[in-house]
Every structure is written in structure tokens, then in C-alpha cells.
Amino acid sequence: MLKRLAWIAPAVIATVAVAGAQDTRAVLETLTKDMGATGVTSVTFSGTAADVNFLQTTDINGPWPLRPVTSYVRTIDLSQLAMRSSGMTNNPGLFGGAPVDSPFNQNIGASSATWTQQLDYWITPWGFLKGAAANNPTMKSAPSPSIALEQRGWKVGGLGKYTVISWSPAQPKAPSGASYTVKGYIGADKMIERVETWTDHGILGDMHVEVTYSNYKNFGGLEVPTKIVQKRGGFTFFETTIADAKANPSDLTALLAAPARGGGPAAAQIGSTKLAEGLYLIEAPYNALAVEFKDYIVVVEAGQSVATGQNILNEVKKVYPTKPIRYVVNTHPHEDHSLGLAPFVAAGAEIVTHKNNKEFFETAYRAPRTLLSDSLAQNKRKPKVMGIGEKQVFKDGNHSLELHHIIDTDVEKVHSDGIIVAYLPKEKILFQADFTLPAAGAMPNPFVQSLGENMGKLKLDFDRYLGVHPSQTPQTRADLMNATGVKY
């Protein structure tokens, strides 16, 4: 069982001494006063922070490298649902390489309708107090954190007792129609030490979101935690060290002003193109392959969202209405290449992935999905996962499909330690994800260079170079070899 991947159901914490509404209101008023938050309508704080590429790391099982966010500022407007976080980063490239400057921006406003977008506002100490005051809170006394929390290193505050205040927003509701829950833990020091909630996630199901607040310091009468650590699904997600803070800043409007943004890309249409007899390219925001065998279908890649995965599955069934989809190949476990797997699991397909990813997917797709409404949440089918080694071949009289693990001893060249490519020797096609060739004359990134070197060792004979991320122009093995300088 993965130690870092965890779900804690809202009801798992044993609590006693349920308080009445009047008592709960009195505790909230006292807590607000003790934290210096009475009359506070906005808060801004600054310092340093660090984030991660959530579910986008080289090793999906962690530990995940934190990336620094310098000149970090967060501003919260408690008179409305508005928050902005910003910073100047000097983070390494996506998975290593030379440092790059990239501004960090997060904006939450009334138009952010989903809970996943809003929760960063509500799980702050001040957002929590505001939400509790407005949403019929309940209060209990917890003698200690649950066993699950103790095993994961949470301290027991003061005398080993927490006052736990819970509330649920009226809106938004989860896709399943269930209410979200927020819980705040007040320790013996009469400060909010931890806030937790749960949100819907296409891979992780009912994803546990927890944040700890410690090292409180008084800034002009306002008690502010100078150390903040947020985890999602058991993984460290964001850390903040606060150096300065202020209540009711006079320049609130300027602090909340979001940078100009361009319009997003148009929505892509689902479709399919026949590449050869028994072989279709399923064209979606992320492409997939459908390979026909005598008694079943293998789909390679499932898309970057649950909706895309469902669309790919529907298109494959349209092309092959009488044959079951027995296997769905996951090229690697990054979030944007794994979110579409749930519909295939629900349909009974077995996930085929590298063995380094097997335990992650088994754990993830067995998690509760009470907040979701997708097909897997509805039928609760348990996942079947095949973990392959360096090579796996599916073959019958119709087709041969080879899966190859792309490895490298140079960690700077490793996009994922569990990434595979698909090769069809009869059609001379290589199908790959995230090995995007550079523009003419440009240097390849380390991952593409590694793929070229792997192909040189394997000597796979292919003509067409197809990608999960579609190319505007046809690409060939010669293009890969020219980009990487590897010949065979």
C-alpha cells in the first residue's frame, strides 16, 4: 500500500460531546476574537512558498520535488468570495533542466463555481471562520486525531484534545449531489491548527485535502500562522512561510487585481480516422489508438479528463460495436494522461501500465467516489491493473502490438520512470505521449533525446511517428532521428 496516497473519510474521526448551536456560535465568536479576526474584512500576507507539479512527477510514488515560489503574496477578501495569490518563481523546467522565470498566479472569484477552485479560499483560517459562521456549523470534542492521522505524523495538540467545528456550504454541491464538508481543528492554544475537506478528483476519487497551520505570530493584532503546509491525496501540495501580514489592507483592490488573460482554446471535436485495417486513430483533445484483435479491442491512451475518456470509449464502441474493450494502455501516470481511465475501468477494461505505476492505479481507482457521478462512481467496479516490464506484446492473427518501456540512466532525461510507447510492426507506426519533436532547427528536450537513443538501441522499424498530442504535420522516424542525431 502506498504510504503517501491516502483517503480519510469524513466520518473516520471519533468525536464526542456534540454541542448545541448556541454553544457552537459562542465558541466561534471566542475563536474569532482570540485570533484577532473580529472586524477583519480582508487579509494579506507575504513570504516564500513552494508548489509541486501535482501528479506530474518523474516518479508517481514520490517523494515529489517542491519548486520554490519567491515573492509570494496572498490576499483574501472576506466581504466576498475573492482571493488572489501571486509570486515570482525561479522553478526548474517541468521535470528538471535550466531554471526558468514563470509568474505564479491563482485567482478565485464568484465565477469559480467548482469546489476544487473555491476550497483554497475556505480552508484558510479566516475563510474557515467565515464559512462556519454562515453555514450552520456543528461542534464536537475530539480526544485525539484518528489512528490514520497519528500514523501519518499529525501531532496531538495541547492536552490531546481538539475542538472540531464542521460545516457544509449550501453551494456548490458535488457532482453526485452530495454536500462538501469542511472541518477545522482548534487546539489547546485556541488557534486553528488544521482544516480539512474532500473534493472530487477523476483519479483519486474523494480526494482528501488537508492543511496544517503552525507557528502563529501576532501581526498588528491579527494572529497569523507563519508555517502552512497543504496536502492533497496524501501528497504535499503547497507550503508557505509567512514573513509579513496585515489585516484590512488599504490597497485591497490593487492586491486582488488579476493579470489580463487571453481566451482559451476552442473545444476539440471527437472523431476517428482509419490508419490501416483494424487500426483507428481516435482524435480527441488527446489522441488515442484503437487496435482490433480477433476477440477484443486494445485502446492505447485514455485522455486528459474523465469526459474525454468517456468520449474516446464511446467513439471506439462506435467503430467496433461488437467487440469488448479488454485492455486500455496507460502510457504514463501523469494526471493529464490518466484522468480518462475511470470510464474504461467502469466498462471492465484492464489497465495496462508499467509495473512502477501498478500500485498507484490499484490504490487510486479503489478509492471511494461518493462525490463523483461518473460511470465508475455509479457501478463501483474494482480496477484490474497489469503491470508490465520492459516489453509486452499483444498478438494474434489480426495484429501485433508491442509496448516498450522508455528508460534512461540520466535522470534529467526521464519524463516518467513508468512511461511506455506503443509500436505496431505491421503498420510501422510508433505511438508516443509527451515526446514532442522540436521545431525545425531547435534542440530536442531531454525526453525526446532519450526516446531517440532508446529507439537506436531497440532498432524499431517504423515510418509514422504519431503522438497523443497531435502534430500539425505528418512526422516520421527520420524526423525523430534528425532531431536527436541518432541513426540506425
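This tour moves through cavities, strands and aromatic rings, one selection at a time.

The model is predicted, so local features are given only where pLDDT is at least 70 and side-chain atom pairs only at pLDDT 80 or more, while totals for chains, interfaces and linings use all residues. Residues are numbered from 1 along each chain as its sequence is written, and side-chain values use heavy atoms, with hydrogens and water left out.

**Stop 1: the largest cavity**

Select F45, Y72, R74, D120, I123, T124, V211, Y213, I228, Q230, F238 and T240, which line the largest cavity. A cavity here is a set of points on a 1 Å grid over the protein atoms alone where a 1.4 Å probe fits but cannot get out, and lining residues have an atom within 4 Å of a point. The space in this cavity is about 100 Å³, a volume being the space filled by probe spheres set on the points, with grid points joined across faces, edges and corners. Two or more lining residues come from each of β2 (67–77), β9 (205–219), β10 (222–232) and β11 (235–247); strands (E, at least two residues) and helices (H or I, at least four) are DSSP runs numbered from the N terminus. By class the lining holds 7 nonpolar, 3 polar and 2 charged residues, where Ala, Val, Leu, Ile, Met, Phe, Trp, Tyr, Cys and Pro count as nonpolar, Asp, Glu, Lys and Arg as charged, and the others, Gly among them, as polar.

**Stop 2**

Now colour β10, in which 9 of the 11 residues are buried, that is, under 20% relative accessible area with a 1.4 Å probe and protein chains only. K217 is opposite V224 in β10, and in the hairpin of β9 and β10, with 2 residues between the strands, G220 has a positive phi near 60°. β10 also runs antiparallel to β11, joined by 6 bridges, and I228 has T240 of β11 as its bridge partner; both I228 and T240 belong to the lining seen at the first stop.

**Stop 3: strand β17**

Move to β17 (residues 350–354), where 5 of 5 residues are buried. Strand β16 (residues 325–329) pairs with β17 in the parallel sense over 3 bridges, and V328 has I351 as its bridge partner. Strand β18 (residues 385–388) is likewise parallel to β17, over 4 bridges, with V352 opposite M386.

**Stop 4: aromatic rings**

The whole structure has 17 aromatic pairs, meaning rings of Phe, Tyr and Trp (its six-membered ring) with centres within 6.5 Å, called stacked when the planes are under 30 degrees apart, edge-to-face when over 60 and tilted otherwise. Select W122 and W167, an edge-to-face pair with 5.6 Å centre to centre and 75° between the planes. W122 lies in helix α2 (residues 115–122) and W167 in strand β6 (residues 162–167), 45 residues apart. W122 counts as buried at 12% relative accessibility, and W167 is buried at 3%. Next show Y327 and F394, whose ring centres are 4.9 Å apart with planes at 45°, so this pair is tilted. Because Y327 lies in strand β16 and F394 in strand β19 (residues 391–395), the pair ties together parts 67 residues apart in sequence.

Notes: On a 1 Å grid over the protein atoms alone, a cavity is a set of points where a 1.4 Å probe fits but cannot get out, and a pocket is an open set with protein on both sides within 12 Å along at least five of seven lines; lining residues have an atom within 4 Å of a point. Buried means under 20% relative accessible area, exposed over 50%, partly exposed in between (1.4 Å probe, protein chains only). Two strands pair if DSSP finds at least two bridges between them.
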